[in-house]
Amino acid sequence: ELVRRATPGDRAPVEMQDKPGPELLVEGETVLVKNSYDVKDQLRSIGFRFATESRAWTASVQHCLTLCPDFNAPEDINLQALLALDPTQVEVPQAEQVKPAPSIRIDNGEVLVLNSYPVKDSIRALGFRWDQERVCWKKSTEEVLEQVGVGDEGELTIEALLDVGRSLEASGVPAGGEAREAVVKTVDGEVRVFNSYAEKETLRGLGFRWNQEGAYWGKLLDELRSMPGAEALEEVGEDGEGLSMEGLRLLPP
């Protein structure tokens, strides 16, 4: 019986190909373990946390030095000793228990939401899609700006994004639902317009200013009343009751 021997050009089945093993690195004040899927549970149990941007499990050097009596300096920290630790004997400081907060990054025309597990339902309600390779949720920047109602990338914050997402989630709007209509409110004598991306040119022409912290366009009601053509606001109450985006459109720029 002839037996065919493997040649250098033969490739092993995918499941038999060698995967890169875990690798420990010390970068500044941080210890990183990459290629760590097979040991992630052990790392988690001794205080490591997954960092999306570096795609590695991380812990502070200071924390790692407390884990093993043989670690006297950063260069002593090694993966073999870490994995040999008994998790039940490890006390994880509160600082190491805190997970990184959700955040956003603009990358090549896309908004990326990182560390998003606690807010994934709100992000999904906005129509974001999961990017397995980058371990984050993504959506085109143009679509996100329109949904949130801001004019440019510099005005986009994770807080404003989640506010819209939670609203869509609570209202039962399907994932990827259309952006909400502009909402006009008067607070402490200031007219505030939210969800206003589609109306930003109108508002800018009327002298409204963007409030980044509150994610709205605002202008004092008294200033609006003193503008030419303000008779269009005659039916608006002294406290701004009855003012709408339709009424603002009637004012000449």
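**View 1. The largest nonpolar core of the predicted model**. Of the 35 residues that make up this core, Phe128, Leu161, Phe208, Leu224, Leu243 and Leu248 are those that touch the most other members. At least two residues of the core are supplied by each of β6, α6 (141-148), α7 (158-171), β10 (190-194), α9 (221-225) and α10 (245-249), and the largest share, five residues, comes from α7. As background to this view, nonpolar side chains tend to be buried together in soluble globular proteins.

**View 2. Phe128 and the residues it touches**. When residues up to four places away in sequence are not counted, Phe128 touches Val111, Val113, Ile123, Trp137, Lys138, Lys139, Val144 and Leu161.

**View 3. A second, separate core**. This core has 20 residues, and Phe48, Cys64, Ile77 and Leu79 are among them.

**View 4. The hairpin formed by β5 and β6**. Strand β5 (residues 103-107) and strand β6 (residues 110-114) pair in the antiparallel sense over five bridges, and within this pairing Ile106 stands opposite Val111 in β6. Two residues lie between the strands of the hairpin, and in the turn Asn108 has a positive phi of about 55 degrees.

**View 5. Arg49 in strand β3**. Arg49 belongs to strand β3, which covers residues 49-51, and it counts as buried because its relative accessibility is 18%, where buried means under 20%. A polar atom of the Arg49 side chain lies 3.4 Å from the backbone oxygen of Arg44.

Key
Residues numbered from 1 in each chain as written. Predicted model: local features only at pLDDT ≥ 70, side-chain atom pairs only at ≥ 80, totals over all residues. Heavy atoms only, no water. Helix = DSSP H or I, 4+ residues; strand = E, 2+ residues; numbered from the N terminus. Buried < 20%, exposed > 50% of the residue type's maximum accessible area, 1.4 Å probe, protein only. Polar contact = N/O pair within 3.5 Å; in protein donor to acceptor, adjacent residues only side chain to side chain. Pairing = 2+ DSSP bridges. Core = buried A, V, L, I, M, F, W, Y, C linked by side-chain atoms within 4.5 Å. Contact = heavy atoms within 4.5 Å.
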